[in-house]
Amino acid sequence: MIKGKYSLVIVSLLVFLSACNQNEDQAESIVKKDDVVQQEDEPVVAEVKAEESVIYPLTGIATEEQNITQRPVAVMINNHPKARPQSGLTKADVVYEVLAEGNITRFLAVFQSEVPDIIGPVRSARDYYIDISKGFHALYISHGWSPSAKERLVSNEVDHINGMLHDGTLFWRADHRNAPHNSYISKDNILQGAELKQYTMMEDVIPFDFLTEEEMKEIKGEQVNKFVIKYDKSETWQSTYEYNQTEQTYKRYSGNEDTVDLESGDSVELTNIFVVQMKHKVIDKEGRRTIDMTSGGKALLMQKGMMQEVEWENHDGRILPVKDGEVVKLVPGRTWVNVVPSLDQYLIQS
């Protein structure tokens with residue numbers, strides 16, 4: 001009996017020890033499994049990369065937005081003295097200043113990073129402005145047209161909204177100015193017009209090339225703090241740029257008047273001034289012109305207070321600065337392009 005009891009105790013003890021060993025093995029197995037999971041997770045965490053900053057394609061300015069898909073909008077803006085100060089120019093990514101009739105220049109303002117609530121006064125279309133707009137695949141906005149521009153727009157060569165067809169609806173007449181210097185359009189009305197005409201407002205915009213911080217330190221050229229473009233002997237038709245060393249931007253003047261926004265009073269601030277020489281030819285008694293925007297030629301580029309001689313080339317509809325066969329990168333910010341018949345029309349002032 002005693003031996004039987006001892007045998008029973010021994011068997012029970014062996015069963016207990018066996019169970020403990022199994023539990024320890026299971027616990028060790030769990031720990032090892034957790035170790036494996038932890039080891040597998042660690043590389044995944046290590047591979048997570050910081051999101052690259054997103055920049056607007058036509059200014060190079062960083063934004064928190066992740067999808068920059070606003071289609072560019074190109075608006076014809078009046079530069080007659082009776083149309084100054086204009087509305088919306090301070091928010092344009094790029095502005096092209098080109099002669100319309102006689103000595104009168106007109107602006108094509110390209111908006112992509114921002115589209116202002118009020119834009120104007122809006123003026124009539126010309127062929128070469130349409131060509132510039134096409135380089136951005138922009139929605140082209142004008143009020144009126146030359147005969148040849150009308151043919152192109154009516155044939156729907158480009159997506160467009162024209163005040164001749166929407167005066168009093170999408171466009172309105174301001175009561176503080178007289179026609180033809182009082183036609184305006186808004187961001188909401190542009191979007192409404194695009195929807196009405198079933199135009200897409202989503203676009204993968206081809207970006208400009210922009211300089212890095214280090215590359216901007218290497219900009220070379222002649223130091224120029226004040227630069228005047230003479231479209232006419234009268235100061236009324238002269239475009240003046242002054243460089244602010246502190247802000248590192250250029251301010252623009254029509255004659256002696258600061259180019260400001262009518263609503264906000266803010267000044268136009270620019271980082272690139274690009275002056276291009278193109279062949280002009282007067283084609284009618286109204287003084288309308290054709291302009292060769294494809295052949296390339298001489299140009300001047302001003303950045304960071306320095307001016308350098310470059311050339312211009314047309315790359316898929318866009319007028320770009322080129323030097324030694326390479327496209328010259330832009331300083332991040334807003335750009336103003338002056339098209340002139342001759343580079344002899346400028347004056348450097350201290």
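Predicted model: local features only at pLDDT ≥ 70, side-chain atom pairs only at ≥ 80, totals over all residues.
Student: How many helices and strands does the protein chain have?
Tutor: The chain has 6 helices and 24 strands. Residues are numbered from 1 along each chain as its sequence is written, and side-chain values use heavy atoms, with hydrogens and water left out.

Student: What share of the chain is buried?
Tutor: Of the 350 residues, 46% are buried. Buried means under 20% relative accessible area, exposed over 50%, and partly exposed in between (1.4 Å probe, protein chains only).

Student: And what share of the contacts join residues at least 24 apart?
Tutor: That share is 61%, taken among contacts between residues at least 6 apart in sequence. Contact means heavy atoms within 4.5 Å.

Student: Which residues touch the most other members of the largest nonpolar core?
Tutor: Ile141, Phe227, Val275 and Trp336 do, in a core of 41 residues. A nonpolar core is a set of buried Ala, Val, Leu, Ile, Met, Phe, Trp, Tyr and Cys residues joined through side-chain atoms within 4.5 Å. Another core lies apart from that one, with 38 residues, among them Ala74, Met76, Phe136 and Met278.

Student: Take Phe227. What is it in contact with, beyond four places in sequence?
Tutor: Phe227 contacts Ser239, Thr240, Tyr241, Val275, Leu300, Met302, Met307, Tyr346, Leu347 and Ile348.

Student: Helices now. At what angle do the axes of H2 and H3 cross?
Tutor: Roughly 40°, with the axes of H2 (residues 127-134) and H3 (residues 147-154) coming within 8 Å. That makes H2 oblique to H3. Axes are lines fitted to C-alpha atoms, for helices over the stretch in contact, and angles run from 0 to 180 degrees between N-to-C directions. Under 35 degrees counts as roughly parallel, over 145 as roughly antiparallel, 65 to 115 as roughly perpendicular, and the rest as oblique.

Student: Which residues make that contact?
Tutor: H2 gives Asp127, Ile130, Asp131 and Lys134, while H3 gives Ser148, Ala149, Arg152 and Leu153. By class, the contact has 3 nonpolar, 1 polar and 4 charged residues. Here Ala, Val, Leu, Ile, Met, Phe, Trp, Tyr, Cys and Pro count as nonpolar, Asp, Glu, Lys and Arg as charged, and the others, Gly among them, as polar.

Student: Which H2 residues are buried?
Tutor: Tyr128, Tyr129, Ile130, Ile132 and Ser133. The buried residues of H2 pack against strands S3 (73-78) and S4 (94-101), S5, S6, H3 and strand S18 (289-291).

Student: Where does Arg126 lie?
Tutor: In the loop between S5 and H2.

Student: Buried or exposed?
Tutor: Arg126 counts as buried because its relative accessibility is 6%. Beyond four places in sequence, Arg126 contacts Glu101, Arg106, Tyr140, Trp145, Ser146, Ala149 and Arg288. Its C-alpha atom is separated by 9.0 Å from that of Thr290, 164 residues apart along the chain.

Student: What about the phi of Asn156?
Tutor: Phi of Asn156 is near 60°, a positive value in a residue other than glycine. Asn156 lies in the loop between H3 and strand S7 (160-162), and is exposed at 52% relative accessible area. Gln198 also has phi near 60°. Gln198 sits in the loop between H5 (187-196) and H6 (213-216) and counts as exposed at 74%. Most residues other than glycine have a negative phi, and most peptide bonds are trans.

Student: Last one: Ser254. Which side chain does it join in a polar contact?
Tutor: Arg252, at 2.8 Å. A polar contact is a pair of N or O atoms within 3.5 Å; within protein, one must be able to donate a hydrogen and the other to accept it, and residues adjacent in sequence count only if both atoms are side-chain atoms. Ser254 is in strand S13 (residues 249-254) and counts as buried at 6% relative accessibility.

Notes. Helix = DSSP H or I, 4+ residues; strand = E, 2+ residues; numbered from the N terminus.
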